[in-house]
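Look at the structure below with its side chains shown. The paragraphs that follow lead from a surface feature to the aromatic rings and the nonpolar cores.

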Amino acid sequence: MTKRKKGTRKEWLAVRLDLLKAEKELTRRSDELAKRRQELPWVKIDKNYQFETDKGTASLADLFRGRSQLLIYHFMFGPDYKAGCPSCSAIADGFDGIAVHLANHDVMLWAVSRAPLPKLQEYKRRMGWTFPWASSFGSDFNFDFNASFTEEQQRKGIEYNYRREEPVTLDSRRADRIRGRGRNRRGHLHARAAGSEHVRA
């Protein structure tokens, strides 16, 4: 059991006020970072990406569903996964509520994964989710946005978190986990309509 420091109410209040000052500073810094993120330049997308959805094949433009903005969450679920990534799943548990609010503020939220659509639909039913989830199976979408990597790409070195990483030497156990499915990373892609051709990743 963790030993707790004991003190008087006066001592507690002094420490708590100091902590409150640090918390407010962190909030201000977070707000400033959010502002800088919103000011990132938009980049044109020329590729015609296709996705499989509950309503059939859709283009990137179709995913907007009439909204002016599109928010895509790269959900780690490769073609050979038995289930979705546990961390992504924990995050996605909150999507149903968030999606409604975003839609009412002109933003469409989608999760996108590399697994075939039937696998995604089965997992979605199991988890009790209703948010839109598209399959990019057979597409370059996740790879083009540096959200997935093949074993060969990792051996040569990849661009990950917007920086170049050194080549990775994979031991046999790790190679078995990665082989055939690629390495994935969570993240989001925020696109703005105007023919759905510009994104901030």
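On a 1 Å grid over the protein atoms alone, a pocket is an open set of points where a 1.4 Å probe fits, with protein on both sides within 12 Å along at least five of seven lines; its lining residues have an atom within 4 Å of a point. The second largest pocket is lined by K5, K6, G7, T8, E11, W12, V15, R16 and L19. Its volume, the space filled by probe spheres set on the points, is about 210 Å³. The lining divides into four charged residues, three nonpolar and two polar; here Asp, Glu, Lys and Arg count as charged, Ala, Val, Leu, Ile, Met, Phe, Trp, Tyr, Cys and Pro as nonpolar, and the others, Gly among them, as polar.

The model is predicted, so local features need pLDDT of at least 70 and side-chain atom pairs 80 or more, while totals for chains, interfaces and linings use all residues. Residues are numbered from 1 along each chain as its sequence is written, and side-chain values use heavy atoms, with hydrogens and water left out.

Now turn to the aromatic rings. Rings of Phe, Tyr and Trp (its six-membered ring) pair if their centres lie within 6.5 Å; planes under 30 degrees apart are stacked, over 60 edge-to-face, and the rest tilted. The whole structure holds 17 aromatic pairs. Y123 and W129 are edge-to-face, because their planes stand at 85 degrees, with the ring centres 5.7 Å apart. Y123 also pairs edge-to-face with W133, since the centres are 6.3 Å apart and the planes at 65 degrees. This second pair joins helix α4 (residues 117-127), which holds Y123, to strand β6 (residues 133-135), which holds W133; helices (H or I, at least four residues) and strands (E, at least two) are DSSP runs, numbered from the N terminus. Y123 and W133 are both buried, that is, under 20% relative accessible area with a 1.4 Å probe, protein chains only (exposed is over 50%, partly exposed in between).

A nonpolar core is a set of buried Ala, Val, Leu, Ile, Met, Phe, Trp, Tyr and Cys residues joined through side-chain atoms within 4.5 Å. The largest has 18 residues, and F75, F77, W129, F131 and W133 have the most contacts inside it. Apart from it lies another core of 15 residues, including A58 and L70.

Where is the place of K124? K124 is in helix α4, and counts as buried because its relative accessibility is 10%. K124 touches (heavy atoms within 4.5 Å) residues including D54, W129 and W133, not counting those up to four places away in sequence.
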